[in-house]
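I opened my notebook to walk through this structure one piece at a time. Here is what I looked up, in the order I went.

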Amino acid sequence: MACRLIEALQTRIPRSSYVPILVLTADADPRTRQRALSMGANDFVAKPCNQTELVLRVGNLLETRLLYVQIHGRNQSLEEQVRQRTSALDQAQTEIIECLEKVAGYRDDETGQHAQRVGLLAAFDRASHGFFPKTRPQSIQAAATLHDIGKIGIPDRILLSRAR
């Protein structure tokens, strides 16, 4: 009987919620005890039982449940912090790339749009060939716009000289 009840509880209660199960039964057969514990019961008490011991065991299970809930809440809080910080890092990275694009744009061709065109074409090319998931073309586009960043360190007399 206890094993059927454990099965029914496990199908209705998500594992992630952690609800401890204590089996209190008059069936003292060791096989019943082993089966209940192997099926997910957290504790097993045979009748007749000591009332003080039963209260202590229930208290221990409730404390374990409380600690689980606290840890689960803390984990969710930490996951949210990671999401927020990742978003802040992504934004900072985007700002840095945009600043570098502007600096590189001063050394660009006459239209100043060469880097942007290269970025768009690279992202389109990679996405159209299915090389990256939908979120990656922006990264490719941003990286490709910096392909001429090395021009920053080349003096104008060399960069702007006409080949003979």
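This is a predicted model: local features need pLDDT of at least 70, side-chain atom pairs count only at pLDDT 80 or more; totals for chains, interfaces and linings use all residues.

I began with Glu-53 and Arg-57, which both sit in helix 3, four residues apart, about one turn of the helix. Helices here are DSSP runs of H or I with at least four residues, strands are runs of E with at least two, and both are numbered from the N terminus. Residues are numbered from 1 along each chain as its sequence is written, and side-chain values use heavy atoms, with hydrogens and water left out.

What joins Glu-53 to Arg-57? I found a salt bridge between Glu-53 and Arg-57, with the closest N and O atoms 2.7 Å apart. The term asks for a side-chain nitrogen of Lys or Arg within 4 Å of a carboxyl oxygen of Asp or Glu. Glu-53 is partly exposed, its relative accessible area being 37%. For such labels, buried means under 20% relative accessible area, exposed over 50%, and partly exposed in between, using a 1.4 Å probe and protein chains only.

Arg-57 has a relative accessible area of 25%, so I wrote it down as partly exposed. Is Asp-43 buried or exposed? Asp-43 counts as buried because its relative accessibility is 15%.

I also listed what Asp-43 touches, with contact meaning heavy atoms within 4.5 Å. Leaving aside neighbours within four places in sequence, Asp-43 is in contact with Ile-21, Leu-22, Val-23, Leu-37, Arg-57 and Leu-61.

How many salt bridges does the structure hold? I noted four. One of them pairs the side chains of Asp-29 and Arg-31, at 3.2 Å from N to O. Asp-29 is partly exposed at 26% relative accessibility, while Arg-31 is exposed at 62%.

**Helix 3 from end to end**

Then I checked the length of helix 3, which has 55 residues (51-105). The expected span of a helix is 1.5 Å times one less than its number of residues. For helix 3 that should give 81 Å, and its end C-alpha atoms are 80 Å apart, which agrees.

At the start of helix 3, I saw a side-chain oxygen of Asn-50 reach to within 2.8 Å of the backbone nitrogen of Thr-52. The buried residues of this helix are Leu-54, Leu-61, Ile-97, Glu-101 and Ala-104. Leu-62, also in helix 3, is exposed at 56% relative accessibility. The C-alpha atoms of Leu-62 and Val-19 are separated by 9.0 Å, though these residues are 43 apart along the chain.

**One aromatic pair**

I searched for ring pairs, where centres of Phe, Tyr and Trp rings (the six-membered ring for Trp) must lie within 6.5 Å; planes under 30 degrees apart count as stacked, over 60 as edge-to-face and the rest as tilted. The count came to one aromatic pair. Tyr-18 and Tyr-68 form it, tilted, at 5.3 Å centre to centre with 40° between the planes. Tyr-18 is in the loop between helix 1 and strand 1 (22-25) and Tyr-68 is in helix 3, so the pair links distant parts of the chain, 50 residues apart.

**The core and the whole**

Which residues make up the largest nonpolar core? I counted nine: Ala-2, Cys-3, Ile-6, Ile-21, Val-23, Ala-36, Met-39, Ala-41 and Phe-44. Helix 1 (residues 2-12) gives the most to this core, with three residues. A nonpolar core is a set of buried Ala, Val, Leu, Ile, Met, Phe, Trp, Tyr and Cys residues joined through side-chain atoms within 4.5 Å.

Last, I noted six helices and two strands, following the pattern α-β-α-β-α-α-α-α along the sequence. Buried residues make up 18% of the 164 residues.

Terms used
A polar contact is a pair of N or O atoms within 3.5 Å; within protein, one must be able to donate a hydrogen and the other to accept it, and residues adjacent in sequence count only if both atoms are side-chain atoms.
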